[in-house]
Amino acid sequence: QHYYITNNLRMLCSVCGMLFVVLFTRLLYVLFQIHYNDTPPFLPSLPSQPVRLLTVAGSGGHTAELLQLLTAATTAPSSKTPSVNYNPRHYIVADTDKMSHNKIELFEAGYRRQVPEGYLGRIPGQSVVISKIPRAREVGQSYVSSVLTTLYSQLLCVPHVVNARPDVLLVNGPGTCIPVCVMVFLLRVLGVCKGRIVYVESICRVKTLSLSAKILVLFADHVLVQWSHLAEGNFRCKYIGRLVS
């Protein structure tokens, strides 16, 4: 009996070791893709299939800038029919942020009116989802206490991110976005989704990067800043022009 127990433990350790090696190799491969990619942050041409889009809205100016980004992306030359290329669209907002929720609903209602009559019904899986999670960090909250709130937010965002399985995650700075970005990155490592992360820094960040940007330069595919001098002095930051006003 002792022999069988020892043998089973050895087999279990071998399997766990192999899984670790596979996952670690996959992690290194994904990080290599991210740090040495040359793909554009937005669609360069009309895709053969709609792109599954996940975004994270923040309070006040963050949501206004995010909606400007979505307007530009869905009305670009590559988007011949508004809001169709990025579909389905899944929004995540803080559970206390009613204003952002209302702005997103108005934004989506406006886009539905622009799509030719009868076209939406021919798009497989056409949908808009708005999910709510707790804030990872309140404005002015200490970094120490924000660790616990971030972990709590991380846990509650899991089902929403798994359900979205995004091809692209577009974020622009609210603290709520960090748990979502981490979850999307993990799903990409596991091969569950494509999970390209595009981070656009707020135009208000003129002299220094936000805490979100400083974290996401490590594993986001693109970190775009609104001021050219920020790209010159910060690791992996790019300036491709003013994206919001």
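User: How far apart are the end C-alpha atoms of α5, and what should its 13 residues span at 1.5 Å a residue?
Analyst: In this predicted model, helix α5 covers residues 177-189. At 1.5 Å a residue, the 13 residues of α5 should span 18 Å, and this agrees with the distance between its end C-alpha atoms, which is 18 Å.

User: Which residue with a positive phi follows α5?
Analyst: The helix itself runs over residues 177-189. The residue in question comes after the helix and has a phi near 80°, and it is Gly-191.

User: With which residue does Arg-188 form a salt bridge?
Analyst: Arg-188 belongs to helix α5, whereas its partner lies in the loop between α6 (211-216) and β6 (222-224), so by position the pair links distant parts of the chain, 33 residues apart. Both residues of the pair are buried. The closest N and O atoms are 2.7 Å apart, which is within the 4 Å cut-off and therefore counts as a salt bridge, and the partner is Asp-221.

User: How many salt bridges does a search of the whole structure find?
Analyst: Side chains of opposite charge can pair when their charged atoms come close. The search of the whole structure gives a count of two.

User: Is Glu-108 buried or exposed?
Analyst: Glu-108 sits in helix α3, and it is paired with Arg-89 of strand β2 (residues 86-94), 19 residues apart in the chain. Leaving out residues up to four places away in sequence, Glu-108 touches Arg-89, Tyr-91 and Val-128. Its relative accessibility is 6%, and because the cut-off is under 20%, Glu-108 counts as buried.

User: How many disulfides does the count come to?
Analyst: A disulfide is a covalent bond between the sulfur atoms of two cysteines. For Cys-177, the nearest cysteine sulfur is that of Cys-181, and because its distance of 4.5 Å is not within the 2.5 Å cut-off, Cys-177 is in no disulfide. The count for the structure comes to zero.

User: What is the relative accessible area of Cys-204?
Analyst: Cys-177 has a relative accessible area of 0% and is buried. Cys-204, in contrast, lies over the 50% cut-off and is therefore exposed, its relative accessible area being 65%.

User: Which residue in β5 is the bridge partner of Val-168?
Analyst: Strands β4 (residues 168-171) and β5 run parallel and are joined by four bridges. Together with α5 these two strands make a right-handed β-α-β unit. Within this pairing, the partner of Val-168 in β5 is Arg-196.

User: Which residue in β6 is the bridge partner of Val-198?
Analyst: Four of the five residues of strand β5 (residues 196-200) are buried, so the strand is largely enclosed by the rest of the structure. β5 also pairs with β6, in the parallel sense and over three bridges, and β5, α6 and β6 make a right-handed β-α-β unit. In β6, the bridge partner of Val-198 is His-222.

Key:
Residues numbered from 1 in each chain as written. Predicted model: local features only at pLDDT ≥ 70, side-chain atom pairs only at ≥ 80, totals over all residues. Heavy atoms only, no water. Salt bridge = Lys/Arg side-chain N within 4 Å of Asp/Glu carboxyl O. Buried < 20%, exposed > 50% of the residue type's maximum accessible area, 1.4 Å probe, protein only. Contact = heavy atoms within 4.5 Å. Expected span 1.5 Å × (residues − 1). Pairing = 2+ DSSP bridges. Right-handed = clockwise from strand over helix to strand, strands pointing away.
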